[in-house]
Structures are given as structure tokens and as C-alpha cells.
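Me: I'm new to looking at protein models. Could you walk me through how to read one?

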Amino acid sequence: MKILGIESSCDETAAAIIEDGQKVLSNVVVSQIDIHAEYGGVIPEIAARSHIEAINPVIKKAFTDANETPESIDAIAVTHTPGLVGSLLVGTLAARTLAILYNKPFYPTHHLKSHIYANWLSGSNPEFPLLAAVVSGGHTQIIYMKHHNHFEIIGSTRDDAIGECFDKVAKILGLPYPGGPNIAKEALTGNPDKYQLPIPKVDALDFSFSGIKTAVLRAVQKDLNLPITTPSHELKNHLSKQQVSDFAASFQQTAIKILIKKLQKAAKEYPAKSILLAGGVSANSMLRDELHKAFDKSHQVYVPDFKYSTDNGAMVASAAYYSIQSGQKATDPYSLDISPRSIIS
Ligand code: KG4
Ligand code: ZN
């Protein structure tokens, strides 16, 4: 079964054609990072306009690369929630139009479900039950899956998402958007033990990441002998290259420690055979290493290929395939609605 997957929930315009949930026939991603970097974050109106410019060429290339046509595929899947409203509208409108024109079964797909299913794209078949750590720019959740298409949220962030925290700390340190990869790069030459940052005490399997961002802010002000009234955007002008690296390394180590600790707690409470990483922050090499160190002896550990860690259309098609296998019925493309927020289901 060949599925066209379309993704446009944030700042990547993407389309891919996947066969039987795992075989990648094409995968096209046009990123808007360079456009938004100028503003230090995603500007929703600019994102929507950029999706409009990119969506048709991206879909066309996905067909050409796969040597397929709209007639030759079996179904169309698209991210319809959660995400930026204007961005979601562009991808869903393109997908609906194709589904109507070519009379193809149509499957709206949840973005976080897609991130989880990125783990199936390399031909792996993680064994159930499993624990998936969804770590992206908008979400931080631990999800327990007893079988395909079953999602039980057992832990969530109470404030910022982990990716958002990487992005905000990067801003304090004067590193460009998106913060995650730039923090990781700076951290390579930094001392992760230079600054002690607090591990928040949060109940159960929940997270809190906003405190650590403030802790970095205060530690930077203190290290620079500046009053706490100094605006965060001024700090970067006073930081040396080594200080930036040391703060990046100390922050990254602490954020990863918070996540691994909660995952270890979850693994004690839930009888999982596999542990999965999902979402943009899963591209972090230190996080991948630490996950393997913590769980290799007790669980099967899966991380997506780097190219499927951040937003892409391949994961959308893969998630739709396994939903179809689990009995999900096609949706009427005329009646689809988008939603900026929603819980995985
Ligand atoms: O999943 P994603 O592409 O979009 C959302 O669904 O949010 O995730 C984007 C997030 C951003 O916050 C970005 O800083 C973070 O993933 N990210 C990373 C790395 N690469 C991307 N965070 C830490 N280390 C990385 N290497
Ligand atoms: Zn995402």
C-alpha cells in the first residue's frame, strides 16, 4: 500500500510516499529555518505564506522522486493537528484537494503519532508494549503503547516543552534559531559540569522545563556580575565564547538528565519491552547516547534516523499506514477540520 504523507504543521513543508509503512519511496522537506532565524523564532504568518509557495513543488517532487503519480498511490495522509493554524490549513487543503480530485481514501493524522512512527521508517519493528518519549518544540510527553494505535499519556510537561527550552536558552546565549542543534554544537567544546543547574522536583511522571530556563538566566547574570534586572537579550553581548559553550553543555546535560530520570521511573512502573525517542529533540546526539546507556541492558532502544527526527512527510504516511492496519476508517475530505491543539489518540 502506497501512501502520500503531507506535513506542514510548523515550519517545514514536506511530502513523502511510503510503501507499507516502512519503505521510503521519496521524502521531500523544504525547511523555513533560514527565513525564521532572522526573527529568532517562527512567525506564524510568514510560515503560512512560505507553505503556500512550497507546497505544490514539494508534492510534485515527492511523486517524481518516487516514480509515482496521484493515480498510482492508494491513500493520502496529512497532519491536521496540532500545529499553527495557518500552516495546518495549507497542507490539509492541498491533501483534501488531491483526495477529492483523484478519489483517494483520506487519513488526517496527529503530528505526535507521526513522530512516534518515524521509528518504523528504518525497517525496525519495535516490540510492544513500549514507552515513547515525545520530545519536540511543542510537546514533552511519555506515552505508553500496548499495541499499534493505542496511546496512553503517562507524563507531560506542566509548562515549557523541552525543545522550547533549548530554543529559549539558546536565545539567552545569543545562539541562532533553532536553538536545539546550536546548543548541541556549542556543547561539544563546553564543560557540562561547570554550572550546576537544579533538577526540578515534579510529581509522578510529569516534567517542568521553565525553571531550568530561568536558572540559566540567573546563572549567566551571576557569572557576568550583572544585576538580575539586566534584560536577557543584553547578556549575549557580555558572554565569552567559552562561557557560551560551558552554559550550553551544562544546560544540555541537565535537560537530558531530567528526561532520562523520568523515563527510568516510567520504565519501573510500566512493563515496556522497548523505549523509543520521537520528535525534533531526538536528533540530539547526547540524548541518544544517554538513552542507550540507561536502557540498553533492560530494553530494546529505538531512535529515528536523523532525517526523520524533525518534521517530515514520511512519518505521516507511516503513522497513517499503521492506523489503517488497526482499522481506522477513511475521513471525508470535504468535512475535515484542523485543530491547533489536541491530545494524541
Ligand atoms: O519535532 P520538531 O521538528 O517540531 C515540532 O513538532 O515542534 O521539533 C523542533 C524542536 C526545536 O525546538 C529544535 O530546537 C529541537 O527540536 N531540536 C533539537 C535538536 N534538533 C532539533 N534539540 C536538541 N538537540 C538537537 N540536535
Ligand atoms: Zn514535530
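Predicted model: local features only at pLDDT ≥ 70, side-chain atom pairs only at ≥ 80, totals over all residues.

Me: Is A266 buried or exposed?

Reply: The idea here is a cut-off: under 20% relative accessible area is buried, and over 50% is exposed. A266 has 0% relative accessibility, so it counts as buried. Across the chain, buried residues make up 55% of the 345 residues.

Me: What share of the contacts with a separation of 6 or more comes from residues 24 or more positions apart?

Reply: That share is 73% for this chain.

Me: How many helices and strands does the chain have?

Reply: There are 11 helices and 10 strands. To judge the overall packing, compare the radius of gyration with what a globule rule gives. Here the radius is 20 Å, close to the 20 Å that the rule gives for 345 residues, so the chain is as compact as a globular protein of that length. If you'd rather picture a box, the C-alpha atoms fill one of roughly 65 × 45 × 30 Å along the principal axes.

Me: Now the metal. Which residues coordinate the zinc ion (ligand 2)?

Reply: For a metal site, look for donor atoms around the ion. The zinc ion (ligand 2) is coordinated by NE2 of H111, NE2 of H115 and OD of D311, at 2.0 to 2.1 Å. Water is not among the atoms, so a site like this may look incomplete.

Me: What spacing do those donors follow along the chain?

Reply: They follow H-x3-H-x195-D. H111 counts as buried at 7% relative accessibility, and so does H115 at 1%.

Me: What should I look for in the backbone?

Reply: Most residues other than glycine have a negative phi, and most peptide bonds are trans. That makes the exceptions worth a look.

Me: Where are the cis peptide bonds?

Reply: One joins F128 and P129, with omega about -5°. Its proline, P129, is in the loop between α4 and β6 (130–135). Another joins Y177 and P178, again with omega about -5°. You'll find P178 in the loop between α5 (162–172) and α6 (179–187).

Me: And which residues other than glycine have a positive phi?

Reply: Two to look at are N67, with phi near 60°, and N103, with phi near 55°. N67 lies in the loop between α2 (44–66) and β4 (75–81), while N103 lies in the loop between α3 (85–101) and β5 (106–110).

Me: Are N67 and N103 buried or exposed?

Reply: Use the cut-off from before. N67 has 70% relative accessibility and counts as exposed. N103 has 69%, and it counts as exposed too.

Terms used: Residues numbered from 1 in each chain as written. Chains lettered and ligands numbered in written order. Heavy atoms only, no water. Helix = DSSP H or I, 4+ residues; strand = E, 2+ residues; numbered from the N terminus. Rg over C-alpha atoms; globule rule 2.2 N^0.38 Å. Buried < 20%, exposed > 50% of the residue type's maximum accessible area, 1.4 Å probe, protein only. Contact = heavy atoms within 4.5 Å. Donors = N, O, S within 2.8 Å, 3.2 Å for Na, K, Ca; no water.
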